[in-house]
Amino acid sequence: MASQKASAAKAGAYDWPAIIKDLLGTAFVSLLIMVPIVAYKSVITQYSLVLVSRWTEVFVILALLLGVRLFMHLFVWNRAPSPVAADAKPAGPAKASLSERIGPWVFPLLVAVAFALPFLAGFERRPIDLGIYILTYVMLAWGLNIVVGLAGLLDLGYVAFYAVGAYAYALLSTVYFPYWFGDGMVPWAFYITLPIAGLLAALWGVILGFPVLRLRGDYLAIVTLAFGEIIRLVLINWFDFTNGPQGITVPKATFFGLPFKAGDDGFAAFFGIEHNRIHYYVFLYYVILLLALLTYFVTNRLRRLPIGRAWEALREDEIACRSLGINTTNTKLTAFAIGAMFGGFAGCFFATRQGFVSPESFVFIESAIILAIVVLGGLGSQIGIVFAAIAIMGSFELFRELSVFQEYLPEGTDPVHFRMLAVGLAMVLMMRFRPRGFVTRRQPTVFLKERKAVSGDLVKEGHG
Amino acid sequence: MATANKTPVLTVEHVTMRFGGLTAVSDLSFEANRNEITALIGPNGAGKTTVFNCITGFYKPTEGKIALRHADGSEFLLERMDDFRIAQHAKVARTFQNIRLFSGMTVLENLMVAQHNKLMVASGYTVAGVLGSSHYRRAEKDAIELAKAWLEKVRLIDRADDPAGDLPYGDQRRLEIARAMCTEPRLLCLDEPAAGLNPRESEELNKLLRAIRSENDVSILLIEHDMSVVMGISDHIVVLDYGQKISDGTPHHVKSDPAVIRAYLGVDEEEEEKDALAAKAVAEAVGDQA
Ligand SMILES: Nc1ncnc2c1ncn2[C@@H]1O[C@H](COP(=O)(O)OP(=O)(O)OP(=O)(O)O)[C@@H](O)[C@H]1O
Ligand SMILES: [Mg+2]
């Protein structure tokens, strides 16, 4: 835009005529759009169709738009147009020292808050449910982060492994365990199936991996996307095995064999406390918290092992890896398998939490959301992912509650339907202002004297 | 530890590499001797990098045979092996004409990645490593020691914890050599290591390469345009032009070979009489260091 360049060139001094011209242009275009859309609303009364004018709204929106644009002119676009010079030297070290000083405390603090949450929430059902919901996505995103963030392979079908884990639990606990071991084993089904679900998902990760790992970039993304859809379609259509779209009702998990119920053999009776349904949800909350922490610590340890370094090296430069004798096919397969394994664990947990699985839970949009969390958090950053999950899943929840917009929406629409729009907008803004996500600095896995974080613009994103 | 009896470590026999209609390397044969520095030179587009890619398995030669012999007598037919197996088992390491470092990883991490296969075994293929085995921790310590030793040699020890992408160009070149050496290779292939270096840096590179050759059981194959490096350190030079070998011998021999002078100066057949003059020009240009 001409006005931007002009004002930038003067570096500091505002180019008022250009700004005013730009604001007038903005006003003109927005009025052009708003007059037909916002200014009049047709309302069907009992007898006729009347037009209600809403000029106040028009001017409120217009004022907001102009205000934002003026703000941008004065404080954002006005800056010297050399992001390299601005970010690299002067801002870099200062920012680093701040984030490095608080950095080590962020994760322990988050964990402490997470452990205390049921108490902080006064054992209310809603916040605990929300905690379970967010933690599930944190875990999924941490799993996908291995594939996308560390190894740099774009996987759009991650939800397939989530589905494998969920159906592994559903089928084993309702069909196979009663058949093989009798009903006595069913209370233990969750604990026995959890590792099996992970292993099955990892196996599927390898099965998917073999044919697709010769592909790169866009091709890899498309094939993984198709794989995700295939799994879902098989779940829908293989009626005899999966019960098709009707889904499967799944038994609840128990506290190491003690069911959460009112009777004498229940959890509450065993511990001599009064039965309360909330116990089950608190239990689920701690289960997913522990599973997510397992994912975190295992991934963290893997990063410091040769396999993890090879993943990151693969993301940086595949050809250099091969010149150093790294079997890149195996390295990619392990990334797929281990990422899938955590997806499988999460799926198993999801099945028991929902008490019901059906193919509808494993649609593409789930993969997209998990990927969005990884990207928003900052590729490869585990802490960033926590904040991204809270932001995205939290805003989804927020949208459920917003009836403020209701008045302006056509009859029958729900603000919930706009949540993707809002997330999309948030993503666009992120990509514009923080294209590498919340946390862009990479922590090295080994150091001689001091651990210096690597600035995000040196870290590559992988080619698929 | 230059050996008196020259045994070939690498034998290239009748290698041809075609890309569609273009023959980048045609019927090339040469040998590189153990513990020697062999230089591969030639004008731009002569096919030098293509030869490297055939040796290191990144290209499969259309025709021909490439054999590598270790001192213990084991032999590898490189034209049949995958690129990463050549690095892993035949122990051939390389650098790239356009540097390929892991720029988002630190200098030390780059050298740790180079020791992947060794560490992978020590970590029990990750299983023991995840469980925190002390055996792996010891192996990792040794790997860091090796990395440190190489960082001292290439004078990058002070930058060990900095991202590789932050290093200046000359340092990146030396880091790439150190990374290749951390794989403990028997044959080190360097593609234009002096490109972009100033005279002081290339003099330093000469010293480094000589030190590498004398302190390690390694043979070096070198592509280089910088004649002061080539003439200064190579024991043996192979000259390529349009994919064909036009000369092969000691630096002294190659320098006075009319075919080489023709290729470099583009002299016509009829103007042979001017060769003597041209030879003098070349000798001045390259500096008589051999
Ligand atoms: N992958 C490829 N596909 C097609 N042609 C190629 C390929 N690689 C190399 N060539 C061609 O082979 C010829 C030799 O290229 P090569 O890179 O080996 O030359 P070089 O001797 O290394 O030159 P330079 O000194 O410029 O690095 C060139 O004509 C090049 O275009
Ligand atoms: Mg070349």
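How many residue pairs are in polar contact across the interface of domain 1 of chain B and domain 2 of chain B? The rule finds two such pairs, both at pLDDT 80 or more. A polar contact here is a pair of N or O atoms within 3.5 Å; within protein, one must be able to donate a hydrogen and the other to accept it, and residues adjacent in sequence count only if both atoms are side-chain atoms.

Let me state the conventions. This is a predicted model, in which local features need pLDDT of at least 70 and side-chain atom pairs count only at pLDDT 80 or more, while totals for chains, interfaces and linings use all residues. Residues are numbered from 1 along each chain as its sequence is written, chains are lettered from A and ligands numbered from 1 in the order in which they are written, and side-chain values use heavy atoms, with hydrogens and water left out.

I turn to the two domains of chain B. Domain 1 covers 1-91 + 185-254 and domain 2 covers 104-183, with bounds from an automatic or database domain assignment. Their centres, taken over C-alpha atoms, are separated by 25 Å. In the contact (heavy atoms within 4.5 Å), domain 1 of chain B contributes 20 residues and domain 2 of chain B contributes 13 residues.

The buried area between these domains is about 1300 Å², with 63% given by carbon and sulfur atoms. Buried area is the accessible area (1.4 Å probe) that two parts lose on being put together, summed over both. On the side of domain 1 of chain B, B:Pro185, B:Glu204 and B:Leu208 supply 33% of the area buried against domain 2 of chain B, more than any other three residues.

Three salt bridges are found across this domain interface, a salt bridge being a side-chain nitrogen of Lys or Arg within 4 Å of a carboxyl oxygen of Asp or Glu. B:Glu204 also pairs in a salt bridge with B:Arg155, where the closest N and O atoms are 2.7 Å apart. Strand E7 (187-191) and helix H8 (199-215) of chain B each supply at least two residues of the domain 1 side; helices (H or I, at least four residues) and strands (E, at least two) are DSSP runs, numbered from the N terminus. H8(B) gives the most to that side, with seven residues.

Next, the ligand. Ligand 1 is surrounded by 14 residues, the closest being B:Gly45, B:Lys48, B:Thr49, B:Thr50 and B:Gln97; a residue is counted if one of its heavy atoms lies within 4 Å. An oxygen atom of ligand 1 lies 2.8 Å from an N or O atom in the side chain of B:Lys48. For the side chain of B:Asn44, the corresponding distance is 2.9 Å. At B:Gly47, a polar backbone atom is 2.9 Å from an oxygen atom of ligand 1.

Finally, the two chains. Chain A places 34 residues in contact with 44 residues of chain B, and the two chains bury about 3400 Å² between them, 64% of it on carbon and sulfur atoms. Four salt bridges cross this interface. In one salt bridge, between A:Arg322 and B:Asp83, the closest N and O atoms are 2.7 Å apart. There are 14 residue pairs in polar contact between chain A and chain B, both residues at pLDDT 80 or more. Helix H11 (278-303), H12 and H13 of chain A each give two or more residues to the side that touches chain B, and H12(A) provides the largest share, seven residues.
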